[in-house]
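Let's walk through this one together, one feature at a time. Have the sequence and the model open as we talk.

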Amino acid sequence: MDALQPLIHKLTITSPATYCQTFFLLATASVLSLQLLPNEARSTLTDYGARRPQGSSAPTSSKLASVLSKLTAMGQLPHSYFWHFYLLSTSLSAFWAWQYLTHGSVVSFIAERQVSLSGGPSVELDRVFLAWLMMAAQGARRLYECFGVVKPGRTPMWWVHWALGLGFYGLMGISVWVEGSGAILESWQAPTRAVGLTPRALFTLTVFFGAWFEQYKCHEYLASLNKYTLPDEGMFKYIICPHYTSECVIYLAISIMAAPSGQTFNVSVLCGLAFVVANLGSTAHGTKKWYAGKFGADTVASKWRMIPGVF
């Protein structure tokens, strides 16, 4: 027990924002570490949806891939369970709004710990609200798409993917407001004068909703295609996964909106963005390889995977 005392002490003096950042960075490191595995073993762990080999007994040429194939065969969930992520995200947006309006004990506990343990500047209350609304808009639109736009997939995914997604959206729902804890607590003590939209906030909202609408268009277009057809309209002419590009821009905009006074980015959301880039980047890379194998390398050779000019 004595050996655990330093760890327990460390956990008690760690701010809620740091917990969020740590989760995101560990998840990012996990995704990046998979890139060190042989291709077949990595695909066994990461591929889902159309790119996943059909059947849990798909042949493997390496012992490692064979072991991982048996491991991932346990706890398979339908790929369509992605809607759980967006239901959680939307529900948490509503929950945190209710907690704020009622001076709830949960948001109070987290906010008080953040203020007492971080000591850093707070996000202005107006920008906390805007960042929260941006996150709510993203979660609500994605939830709608799962039932009103996207064709439900029947392919499986490993339960680890599902659990990681729930963890991401759960902590991102906190990250968008936790660094504004000081402003939240102050607003409960005295009325806070509303601040008009600044040019920076207006620009950030413009970028956010531009990416938000573009991602919707991409998902609507993908849903309109015949099964396993090569997408080649709009931004798909230039980028393999422009809907992933939009996802990255969306969280970048939220990070800018939720930045504490004097800072450019909200570090907690930025750490979440790092996970988004690593996770979706890995998927985009696999998608390009899958397209090349199915439709010919020449059809996708000139296209960027996810980030134009970079990747």
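Q: Where is H103 found?
A: First, the reading rules: this is a predicted model, where local features need pLDDT of at least 70, side-chain atom pairs count only at pLDDT 80 or more, and totals for chains, interfaces and linings use all residues. Residues are numbered from 1 along each chain as its sequence is written, and side-chain values use heavy atoms, with hydrogens and water left out. Helices (H or I, at least four residues) and strands (E, at least two) are DSSP runs, numbered from the N terminus. Here, H103 is in the loop between helix 5 and helix 6. Its phi is near 55 degrees, a positive value in a residue other than glycine.

Q: Is H103 buried or partly exposed?
A: Buried means under 20% relative accessible area, exposed over 50%, and partly exposed in between (1.4 Å probe, protein chains only). H103 has 43% relative accessibility, so it counts as partly exposed.

Q: How many helices and strands does the protein have?
A: There are twelve helices and two strands. Reading from the N terminus, the order is α-α-α-α-β-α-α-α-β-α-α-α-α-α.

Q: What share of the protein's residues counts as buried?
A: It's 44% of the 311 residues. As for surface, areas come from the Shrake-Rupley method with a 1.4 Å probe, and for residues only the protein chains shown count as cover. The protein exposes about 15,900 Å², with 66% of that supplied by carbon and sulfur atoms.

Q: Which residues does UniProt place in the feature "transmembrane region"?
A: A word of care: UniProt positions are given in the numbering used here, feature names are shortened, and annotations may be inferred rather than shown by experiment. The unreviewed UniProt entry places the feature at residues 81-101, 156-177, 197-214, 235-259 and 265-284. In the model, residues 81-101 are 90% helix and 0% strand, and their end C-alpha atoms lie 31 Å apart. For residues 156-177 the end C-alpha atoms lie 34 Å apart, with 86% helix and 14% strand.

Q: Which element has the lowest mean pLDDT?
A: pLDDT is the predictor's confidence in each residue, from 0 to 100. Helix 1 (residues 5-12) has the lowest mean, 57, while helix 11 (residues 242-257) has the highest, 98. Over residues 55-59 the pLDDT is below 50. Where pLDDT is low, the predicted coordinates should not be read in detail. For the protein, the mean is 88, and 86% of residues reach 70 or more.

Q: Which residues does R142 touch, not counting those up to four places away in sequence?
A: Contact means heavy atoms within 4.5 Å. By that rule R142, which sits in helix 7 (residues 125-148), touches Y86, Q215 and H219. R142 is buried, because its relative accessible area is 11%.

Q: Which side chain joins R142 in a polar contact of 2.6 Å?
A: A polar contact is a pair of N or O atoms within 3.5 Å; within protein, one must be able to donate a hydrogen and the other to accept it, and residues adjacent in sequence count only if both atoms are side-chain atoms. The partner of R142 is the side chain of E145.

Q: Where is V149 placed?
A: V149 lies in the loop between helix 7 and strand 2 (156-158). Its relative accessibility is 14%, so V149 counts as buried. Not counting residues up to four places away in sequence, it touches Y144, Y216, H219, E220 and A223. V149 and L222 are 73 residues apart in sequence, yet 9.2 Å apart in space, C-alpha to C-alpha.

Q: How many residues of helix 9 are buried?
A: Seven of the nine residues in helix 9 (residues 181-189) are buried, including G182, I184 and W188. The buried ones pack against helix 5 (83-101), helix 6 (105-118), helix 7 and helix 8 (159-178).
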